[in-house]
Every structure is written in C-alpha cells, then in structure tokens.
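Subject: Structure handover

Hello,

Here is the structure I promised to pass on. Please open it first, then read my notes below.

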Amino acid sequence: MSSETAQWNQAMASLQDIFNFHEAQPLDSLMDSSDNKELSIFLTKLKNNDVNDIDSTQLKEQLQLIQDHLNNVTKSQELLNSINSTVSSLIKSISDEPTIEEPQGGKQYWESAFNPVGVIPLNSEVAYKPKKNNVDEEWFQCIVLKVSADGIKYEVQDPEPDELGNAGKIFKCTWKEIIPIPSAKVRTSMKPYPMGTKVLARYPETTTFYPAVVSRDHKNNAKICKLRFDGEEEVNKETEVDRRFVLPFPTVSALPVNNAKRS
C-alpha cells in the first residue's frame with residue numbers, strides 16, 4: 001500500500017470516529033427534552049434559576065452528560081485538524097507531481113529536401129500505406145489522431161466514411177508507414193521537384209496516392225506539379241496535381257532519417 005493510500009485511509013477512519021462519537025452520545029438528546037420528562041423539568045429549573053430545588057444526583061448526571069459532549073467536541077476538533085493537515089499534504093503532493101504532457105506530434109521517418117516537415121502534428125494529414133496479409137496496399141490520405149510517447153507509433157483515420165456513412169476506419173501504424181502531407185501554408189515555399197523525379201502523388205478527385213514522374217521543371221513557389229502517373233492508359237498523359245499532394249517517393253526521392261533504427 002502506498003503512503004498516499006494509507007494517509008487517505010487514516011483520514012477516512014478519523015471521519016468515521018467523529019461520526020461514532022456523535023452516534024454514541026447525540027447532542028440532540030441534550031437539546032431536545034420533549035421525550036425526556038426528567039430532563040424537561042431539569043432544564044426548566046435551570047432557566048428559572050431554581051437551582052436549589054434540583055436534586056444533586058440529577059445535577060451531577062446532567063453535568064457529566066454535558067462534559068462528555070464537550071470532550072467529544074474537543075476530540076472531534078483535534079481529529080478535524082489532523083484530517084485537514086493530511087488532506088492538504090496529499091493535495092500538495094499531487095500538485096507537485098510532474099505533469100505528463102501528451103505528445104503534440106510525432107517523428108518523421110522518410111525525409112526529403114522537397115518536403116521538409118520535421119514534426120508530424122496531431123490532426124495533420126499523412127499518406128498511409130497499410131498491409132493486408134503482409135502485402136502492401138495503396139497509399140491513401142489519412143488524419144493523425146494519436147502519437148505514442150516516443151513519437152514513432154501512430155493512430156490515423158481514413159477521412160472518408162464507410163459505405164454505411166460511419167466515420168472512417170482507424171489504423172495503428174509506425175512512422176515507417178506514413179509520409180507527412182505539408183500544410184497549405186507552406187505549399188508555395190517548398191522546393192520544386194526537378195523533371196524526371198520519382199514521386200508519390202494523389203490522383204485527382206481521389207484520396208489515393210500513386211507512383212508518378214515529374215514531367216516538367218517547375219519554378220519556385222509553384223502551386224501545382226505536372227506529372228505522368230504510372231500505368232495511365234493514355235500514353236504520355238500529363239496530370240496537374242496540387243504541389244502539397246506530391247510527395248517524395250520512399251527510398252528514391254525520400255530516405256530514412258539517419259537514426260531510424262527502431263521499427
């Protein structure tokens with residue numbers, strides 16, 4: 001048992017003692033004489049200063065009763081002071097405990113000069129590639145819900161509702177399975193991809209990312225990229241994609257961080 005638990009138990013036991021004192025000798029019996037004829041007569045004589053007519057034995061009994069109540073009040077006050085000190089000490093010890101802050105973001109495994117994100121914040125967008133039966137599926141857009149304390153485990157959610165209209169599925173993954181999507185605020189400050197760069201881009205009007213190649217050089221601050229997606233039916237078809245949804249391709253235009261040794 002911890003010392004804090006023992007202190008709480010002692011405080012509760014002291015409160016129970018105060019309750020027991022009152023139960024054994026309730027103050028109401030002294031204050032309410034309606035059900036006690038002898039006590040009623042005694043109190044009436046006291047009010048009328050008719051002390052000479054009070055039987056000495058009765059007087060001693062009533063004075064002893066009053067003294068017993070006074071002793072109970074004194075004991076109760078001592079216990080209350082002790083309880084107050086104990087509770088104050090416990091509250092202080094709790095407030096002095098270091099606060100464990102929830103992580104505000106996670107670490108980035110795939111790094112690239114083209115999309116320098118660094119920390120992946122909560123509620124930010126990422127591309128996630130799940131595995132099913134140990135087979136890689138397509139990358140698709142998700143939102144970061146939770147990050148582990150070490151910053152390398154995530155919970156992400158598909159923003160698209162399911163066929164019944166319920167909220168999108170939540171996935172647990174590691175930092176190796178996601179690529180951060182830059183925010184719209186930094187889109188125009190990102191370094192342009194040279195023509196021929198292998199990238200991972202979100203296909204228009206979907207939330208799925210596919211391999212593509214940058215088909216033209218772009219100026220700085222470009223808001224779009226012109227790409228040729230792998231597997232297009234139309235030969236040499238160029239597609240324009242918002243720059244922030246054009247991500248560096250893992251192992252080609254993005255590489256693991258230098259200290260990425262954990263899985």
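Arginine 244 is buried, with a relative accessible area of 13%. Its side chain meets that of glutamate 125 in a salt bridge, 2.9 Å from N to O. Glutamate 125 sits in strand 4 (residues 125–128), while arginine 244 is in the loop between strand 14 (239–242) and strand 15 (246–248), so the pair ties together parts that are 119 residues apart in sequence. Glutamate 125 is partly exposed, at 24% relative accessibility.

One caution before the rest: this is a predicted model. The protein chain averages a pLDDT of 81. Of the residues, 79% score at least 70. The pLDDT falls below 50 over residues 259–263. That stretch has 9 contacts in the model beyond near neighbours in sequence.

**The chain as a whole**

The protein chain has 263 residues, and 32% of them count as buried. Its secondary structure comes to 4 helices and 16 strands. Take the contacts with a separation of 6 or more: 52% of them join residues 24 or more positions apart. The accessible surface is about 17,200 Å². Carbon and sulfur atoms hold 51% of that surface.

**Other salt bridges**

The count of salt bridges is 5. The pair of arginine 244 and glutamate 125 is one of them. Here are two others.

- Lysine 198 and aspartate 230 meet through their side chains, at 2.8 Å from N to O. This pair links distant parts of the chain, 32 residues apart. Lysine 198 is in strand 11 (residues 198–202), and aspartate 230 is in the loop between strand 13 (224–229) and strand 14. Lysine 198 is partly exposed at 24%. Aspartate 230 is partly exposed too, at 40%.
- Lysine 153 pairs with aspartate 150, and their closest N and O atoms are 4.0 Å apart. Lysine 153 is partly exposed, with a relative accessible area of 44%. Aspartate 150 is also partly exposed, at 30%.

**The core**

Which residues touch the most other members of the largest nonpolar core? They are Tyr128, Tyr154, Val156, Phe209, Leu227 and Val246, out of 37 residues in that core. Strand 7 (residues 139–147) gives the most to this core, with 5 residues. As background, nonpolar side chains tend to be buried together in soluble globular proteins.

Look at phenylalanine 209. Leaving out residues up to four places away in sequence, phenylalanine 209 touches Ala127, Glu138, Trp139, Phe140, Gln141, Ile181, Leu200, Ala201, Arg202, Phe245 and Leu247.

Isoleucine 181 is on that list. Is isoleucine 181 buried or exposed? Isoleucine 181 is buried, with a relative accessible area of 6%. Yet isoleucine 181 is found in a loop, between strand 10 (178–180) and strand 11. Isoleucine 181 and alanine 127 are 54 residues apart in sequence, but their C-alpha atoms are 6.8 Å apart in space.

**Cysteines**

How many disulfides does the structure hold? The count is 0. A disulfide is a covalent bond between the sulfur atoms of two cysteines. For cysteine 142, the closest cysteine sulfur is in cysteine 173, at 7.7 Å, which is too far for a bond. Cysteine 142 is buried, at 0% relative accessible area. Cysteine 225 is buried as well, at 2%.

**Two loop residues with positive phi**

Asparagine 123 has a phi near 70°, a positive value in a residue other than glycine. Asparagine 123 lies in the loop between strand 3 (120–121) and strand 4. Asparagine 123 is exposed, at 61%.

Glutamate 205 has a phi near 65°, again positive and again not in a glycine. Its loop runs between strand 11 and strand 12 (208–214). Glutamate 205 is exposed, with 84% relative accessibility.

Best wishes

Methods:
Residues numbered from 1 in each chain as written. Predicted model: local features only at pLDDT ≥ 70, side-chain atom pairs only at ≥ 80, totals over all residues. Heavy atoms only, no water. Core = buried A, V, L, I, M, F, W, Y, C linked by side-chain atoms within 4.5 Å. Buried < 20%, exposed > 50% of the residue type's maximum accessible area, 1.4 Å probe, protein only. Contact = heavy atoms within 4.5 Å. Disulfide = S-S within 2.5 Å. Areas by Shrake-Rupley, 256 points an atom, 1.4 Å probe, with all protein chains shown as cover. pLDDT = per-residue confidence, 0-100.
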